[in-house]
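Trainee: I have a protein model open and I'd like to learn how to read it. Could we go through it together?

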Amino acid sequence: LPPLSTRFSDLLACPACAAPLDPTLACTGCARRHSTSSGVVDLRLQTGDAATERVRRFYAEAPFPGHPPGLDYASLAALGGRSELAQRLDQAIAPDAAVADVGCGTGQMSLFLASADRRLVAADLTRASLEVGAEAARRWGLVGRICFVETDLFAPGLRDGAFDVVYCSGVLHHTPAPARAFARIARLVRPGGLVVVGVYNRYARLLHRLRRVVARTSGMRRFPWDPVLRARQAEPARRQAWLRDQYLHPLEHRHTIGEVFGWFRDQGIEPVRTHPESLLGVDSEAPPGFDPYVDDFALEHLLVQLGWMFTLAAEGGLFIAVGRRSDAALQA
Ligand SMILES: C[S@@+](CC[C@H](N)C(=O)[O-])C[C@H]1O[C@@H](n2cnc3c(N)ncnc32)[C@H](O)[C@@H]1O
């Protein structure tokens, strides 16, 4: 067993009893031993519920989102440079921060953020996806900065209160109980730390649901107005990963801004921002990064989300909500 880098051992925990792990991955509480293979730490219990197991098998067949052919570190950095969200995250995260990317898939965001003295823990249920990310980290010399962990967020092998930032995008809405899933990952962030979650918006997803009806009724031959599928014509694996994720997923929920902010408040997380913004008409006044910029006005949220039906539909209707843990004490 290769010794676990001491850079990461204080960020991991036993998924069975939540006690710390020692640098050989042995649990200091229940003495259970954990292992690493193909660059991925195995902290997944074999006791997941049937719905989660179905999601795991679904992604194992087509790791999401997959890496474009020939992706190297320079082209990943260029992709990140073109993504407004990646830029905002990079600017908001301190150079020595501990970051959990929960449900990282093939790990692009973690690989992009793994610079300076940051410690990235890229966690996912699906080993096939993690191995794609771990192989890229090895090729690009990032192994000391990023640790790929196979784990179920409902029994995570990650230490509560250990992370400056918890990022979780495109994941909660594919779990059997999104509010409960959020409550679990919110415990990972330290007091004062940031939580950044991306979920399908109830309104923004409407046009995609219509598109999915057309796809189904045409026997999966027609996918109207799907720019992502069109752009991936020459990349069969990533095209297939997107098609499955968007049109054939076994488990999907959709949420409003108000609902997600309600999850935040229930866990002692103060809503600070959405991406795109959820205030109408004054973007030029918006403070930078993830500084506070929200107003809890349900009618304004409704208008903003109706607008998202058109502006976010092309790429599936996902929005980002950002919050900051305000309570001093972690819940038991
Ligand atoms: C749509 S992909 C999103 C991947 C990545 N975050 C992104 O934005 O490209 C959803 C990911 O969530 C993971 N996932 C689903 N349920 C999970 C759970 N209970 N615990 C950990 N990961 C989970 C899946 O394995 C999959 O890789």
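Predicted model: local features only at pLDDT ≥ 70, side-chain atom pairs only at ≥ 80, totals over all residues.

Trainee: Which way do β1 and β2 run, parallel or antiparallel?

Mentor: Antiparallel: three bridges join β1 to β2 (residues 40–42). Look for Thr36, which stands opposite Val41 in β2.

Trainee: How many residues of β4 are buried?

Mentor: Buried means under 20% relative accessible area, while exposed is over 50% and partly exposed is in between (1.4 Å probe, protein chains only). In β4, six of the six residues are buried, so the strand is largely enclosed by the rest of the structure. Arg119, Val121 and Ala123 point one way from β4, and Leu120, Ala122 and Asp124 point the other way.

Trainee: What are the bridge partners on either side of β4?

Mentor: β3 runs parallel to β4, with five bridges joining them, and Ala100 has Val121 as its bridge partner in β4. β4 also pairs with β5 in the parallel sense over five bridges, and Leu120 stands opposite Ile146 in β5.

Trainee: How does the chain get from β4 to β5?

Mentor: A crossover is right-handed if, with the strands pointing away from the viewer, the path from the first strand over the helix to the second runs clockwise. The chain goes from β4 through α6 to β5, and this β-α-β crossover is right-handed. Another right-handed β-α-β unit is made by β6, helix α7 (residues 178–186) and β7.

Trainee: And what does β7 look like?

Mentor: Nine of the 12 residues of β7 (residues 189–200) are buried, so this strand is largely enclosed by the rest of the structure. β6 (residues 163–169) runs parallel to β7, and six bridges join them; Val166 stands opposite Val195 in β7. With β9 (residues 318–325), β7 pairs in the antiparallel sense over seven bridges. There, Gly198 has Ile320 in β9 as its bridge partner.

Trainee: How many residues of α7 are buried?

Mentor: Seven of its nine, so to speak a mostly covered helix. Among the buried residues of α7 are Pro178, Phe182 and Arg184. Contact means heavy atoms within 4.5 Å, and the buried residues of α7 pack against β3, β6, β7, α11, β8 and β9.

Trainee: How do I read the angle between α11 and α12?

Mentor: Angles under 35 degrees count as roughly parallel, over 145 as roughly antiparallel, 65 to 115 as roughly perpendicular and the rest as oblique. The axes of α11 (residues 257–266) and α12 (residues 298–311) come within 10 Å and cross at roughly 120°. That makes α11 oblique to α12. On the α11 side, Ile257, Gly258 and Phe261 meet His301, Gln305 and Trp308 of α12.

Trainee: Last one: is Val55 buried or exposed?

Mentor: Val55 is in helix α2 (residues 50–61), and it counts as buried, at 6% relative accessibility. Leaving aside neighbours within four places in sequence, Val55 is in contact with His174, His249 and Leu251. Val55 and His174 are 119 residues apart in sequence, and 7.5 Å apart in space, C-alpha to C-alpha.

How values were computed. Residues numbered from 1 in each chain as written. Heavy atoms only, no water. Axes fitted to C-alpha atoms, helices over the stretch in contact; angles between N-to-C directions. Helix = DSSP H or I, 4+ residues; strand = E, 2+ residues; numbered from the N terminus. Pairing = 2+ DSSP bridges.
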